[in-house]
Amino acid sequence: MDQPDSLLTNAKYDVCITTITFFPDINATAKLMYDLAGDLADKGLKVVVLTQNRSYHDPNKIFPSFERIGGFDVIRVSLPSFDKNKGLTKLLMYLFFAQKSLAKVKKIQANLFFAVFPPFFAAYYMMKKCLERSIPFVLILHDLHPDTAIRRKQISARHPLALLLKRQTRALMKESTRIVTLGRDVNEYLKRIYGVTEDRMVYIPNWGRPMPSSHGAKPDEEAPFTVLYAGNFGEASDFWTLLKAAKKVQELDRKISFLLVGNGRKRAALEDYAKKERIYNIRFSDFLPEEEYLELLRQASVCVVTLRESSMGMSVPSKFYYYLSAGKPILAILPEQSEVARAINEDCLGCVCTNDDPDCAAEAILKLKKDTVFYKKICMNVENVFRRKYSQQVCTEKYFNLIKELAGSCDK
């Protein structure tokens, strides 16, 4: 149903969350913000989510302009159909979303505003409006732009667009009331490059949804041992090391298979490489509905998370926390000082291999398959640590405490 602007103007919220992707989309950010909104509403807060009316992954799907879901309101701004896999149209989608969202924000009365970054523009516009109204603004930093694109040489630091985005990012780092970061490596980068002080950063990791106990679920010796990657095939990840490791494993143990699930601009190149190199133990699949995805996690033997060197300090893969909820060992292919590597090494959650070291990745997979005691120990560690550090309840409670700190009227 539609929500008239007159009614919107009269509504009073404790929290407004702005995110370009949201339920019923199934990507990580959509799930996380849905969980957050629901948990805050369950604690007695009046919550509104501001998002777009189209599916982020399939823009042909259109959602209602207003809904009440799980005790909170969802307002969706109307956007044209944009292809997020093309740079220019994705940028236009971000710009349209920011402009349409700002028009709504001007009418929303809330004690505090959250905005997920990226997309570009929207968080900056929200922050400026909050400053004008003396309302706390919290930036939820998922990926740092344009820093990542500049570091990967996708755009010159002197390009007019990079200069514009850098100026907005500096303003966000300087003016946001708080910045929620997903990793300690991100905190270090923000302090070093942007001069953000420790007291303005709040480390709150992403989370996974609890799943039935699965620790110690070592597959039958005769059954396939499955190495799973599930997520976007994007620029932040290092898939080449994984594919090269799969080829090495293929030569040593044909009962080990690799399943890569997801979509993204790099998928076609990866499939071509697998065919060219005759890597037959790899299978690709599209994104799956929630229940099928969770079943894949239950069946997987090892879950893979990757991150390129150029993304360290700017991005923390959300899939890591969903993997942990399944109680399975993690194979991480990423820099040693990244947040995920630190988390794995601190609590013995799996194996860490650096980028461009397929030998390490192949050896780790073979060890996890052959060493039953090692495998079961890691599974137990993963399940225990997930409950203690990375469960939905633990992490969203930290957001609730932040809201109470910044907008005391939210204490119910």
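Modeller: Let us begin with a cut-off: a residue is called buried when its relative accessible area is under 20%, exposed when that area is over 50%, and partly exposed in between. The model before us is a predicted one.

Colleague: Why is C395 called buried?

Modeller: The relative accessible area of C395 is 0%. Buried requires a value under 20%, and C395 is therefore buried.

Colleague: What makes C395 a cysteine that is in no disulfide?

Modeller: A disulfide requires two cysteine sulfur atoms within 2.5 Å. For C395 the nearest cysteine sulfur, that of C303, is 18 Å away, and C395 is in no disulfide.

Colleague: Which cysteines does a disulfide join?

Modeller: The structure holds 1 disulfide, and it joins C353 to C360. The S to S distance is 2.2 Å, to be set against the limit of 2.5 Å. The angle about the S-S bond is -75°, and the link of C353 and C360 is left-handed.

Colleague: Are C353 and C360 buried or partly exposed?

Modeller: C353 has a relative accessible area of 1%, so C353 is buried. C360 has 22% and is therefore partly exposed, since the range for that term lies between 20% and 50%.

Colleague: How do you know that C348 is in no disulfide?

Modeller: The nearest cysteine sulfur to that of C348 belongs to C351 and is 8.1 Å away, whereas the limit is 2.5 Å. C348 is partly exposed because its relative accessibility is 29%.

Colleague: Which residues are buried in the helix α15?

Modeller: In α15 the buried residues are Q392, C395, T396, Y399, F400, L402, I403 and L406. They lie on the same side of α15, because they cover an arc of only 155° around the axis. In general, an α-helix has 3.6 residues a turn, so residues three or four places apart point the same way.

Colleague: What span should helix α15 have, and how far apart are its end C-alpha atoms?

Modeller: Helix α15 covers residues 392–406, and its 15 residues at 1.5 Å a residue should span 21 Å. The end C-alpha atoms are 21 Å apart, so the two values agree.

Colleague: Why is N60 called exposed, and where is its place?

Modeller: The relative accessibility of N60 is 66%; the term requires over 50%, so N60 counts as exposed. Its place is in the loop between β2 (47–52) and β3 (66–69). Leaving aside neighbours within four places in sequence, N60 is in contact with R54 and S81.

Colleague: Why does H142 count as buried?

Modeller: H142 has a relative accessibility of 7% and therefore counts as buried, the limit being under 20%. The place of H142 is in the loop between β6 (137–141) and α5 (147–151). Beyond its neighbours within four places in sequence, H142 is in contact with residues including T29, F117, L182 and M314.

Colleague: What makes β3 and β8 the edge strands?

Modeller: The open sheet has 8 strands in the order β3-β4-β2-β1-β5-β6-β7-β8, with mixed pairing. Each of β3 and β8 pairs on one side only.

Colleague: How many bridges do β2 and β4 have, and in which sense do they pair?

Modeller: β2 and β4 (residues 72–77) pair in the parallel sense over 5 bridges. Two strands pair if there are at least two bridges between them. Here V49 stands opposite V74 in β4.

How values were computed:
Residues numbered from 1 in each chain as written. Predicted model: local features only at pLDDT ≥ 70, side-chain atom pairs only at ≥ 80, totals over all residues. Heavy atoms only, no water. Helix = DSSP H or I, 4+ residues; strand = E, 2+ residues; numbered from the N terminus. Expected span 1.5 Å × (residues − 1). Buried < 20%, exposed > 50% of the residue type's maximum accessible area, 1.4 Å probe, protein only. Arc of directions from axis to C-beta. Contact = heavy atoms within 4.5 Å.
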